[in-house]
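Hello,

Here is the structure I promised to hand over. Please open it first, then read my notes below.

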Amino acid sequence: MATLSEVQALLGEPRFNWSDPAPWIELERELGIEFPADFHEIVDAYGSIEINEQLYLKHPARHLLHDLGTMIRRDLELWRDEDMVEFLPSPVGANPGELMPVATATTGEAVFLRVPDGPSSPWRVVVQEFDSPAWTLYEMTFSEWLLDYLKGRDVTLCARDRAPDGPFWEFLP
C-alpha cells in the first residue's frame, strides 16, 4: 500500500489535517461500511479538494460545502437507477463485491471502492467512464491508485495533460 508521505511527495503538503473521527464514524454507521485506512488518511490530510483541476476528493465533515456523505448518497441514487446499472460490473452499495462511490472527475469519470469479499480480502478501485459503458478494475488500494494517477500513469484518469508541471491541488470552495 502506498503511504501518505508518498502522496505528499508528489501532491505537496496537506493543510486540512483533520483529526476528529466523528464524521467518519457517523457516515460509516449510516452506510454500513468501514472505509479503508489509506482512504481515511489521505482525505483527513487534504480535506475536500480538487486535484489537477480534474479529480474531486471530499471529506465527510458535514460543515463543508462539499462533503463526502452528500456525494455518496447522490451517487448511490444515480447508480441504482435501472438505466445506469448496466454501466458497472456490480451493484453499488456496502455489501461484499459491491461498489461504493468515493470520487468524481470533471472529465466524467466516477471512482469507486470495491467492497472486499471477506475480512482478509483487499479493497480495490473501479473507475467508470461516464460518457461510455467502459469501466476498469484496478487491483490496487486507493492510495496506490492515487499515487499512479499523480505520477501520470494511465488509471483511466490521466494527469499528464492536466498537470504538465506536476500535480497540484486546491480546496473546494
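I counted 7 salt bridges in this chain. Keep in mind that the model is predicted.

Start with E26 and R62. Their side chains form a salt bridge, with N and O 2.9 Å apart. E26 sits in helix α2 (residues 22-31), while R62 is in the loop between β2 (55-57) and α4 (68-80), so the bridge ties together parts 36 residues apart in sequence. E26 is partly exposed, at 41% relative accessible area. R62 is exposed, at 52%.

Next, R153 and D148. Their closest N and O atoms are 2.8 Å apart, again a salt bridge. R153 is partly exposed at 43%. D148 has a relative accessible area of 16%, under the 20% cut-off, so D148 is buried. There is also a network: shared partners link E26, E30, R62 and R73 through salt bridges.

The largest nonpolar core holds 51 residues. F35, I51, W145 and L146 have the most contacts inside this core. Helix α5 (residues 142-150) contributes the most, with 6 residues. Beyond its sequence neighbours within four places, F35 touches several residues, including W24, I72, M100 and W123.

Last, a helix pair. α3 (residues 37-46) packs against α5 at about 50°, and the axes are 8 Å apart. The two helices are therefore oblique to each other. D38, F39 and I42 of α3 meet F142, S143 and L146 of α5. That contact has 4 nonpolar residues, 1 polar and 1 charged.

Best wishes

Methods:
Residues are numbered from 1 along each chain as its sequence is written. This is a predicted model: local features need pLDDT of at least 70, side-chain atom pairs count only at pLDDT 80 or more; totals for chains, interfaces and linings use all residues. Side-chain values use heavy atoms; hydrogens and water are left out. A nonpolar core is a set of buried Ala, Val, Leu, Ile, Met, Phe, Trp, Tyr and Cys residues joined through side-chain atoms within 4.5 Å. Buried means under 20% relative accessible area, exposed over 50%, partly exposed in between (1.4 Å probe, protein chains only). Helices (H or I, at least four residues) and strands (E, at least two) are DSSP runs, numbered from the N terminus. Contact means heavy atoms within 4.5 Å. Axes are lines fitted to C-alpha atoms, for helices over the stretch in contact, and angles run from 0 to 180 degrees between N-to-C directions. Angles under 35 degrees count as roughly parallel, over 145 as roughly antiparallel, 65 to 115 as roughly perpendicular and the rest as oblique. Ala, Val, Leu, Ile, Met, Phe, Trp, Tyr, Cys and Pro count as nonpolar, Asp, Glu, Lys and Arg as charged, and the others, Gly among them, as polar. A salt bridge is a side-chain nitrogen of Lys or Arg within 4 Å of a carboxyl oxygen of Asp or Glu.
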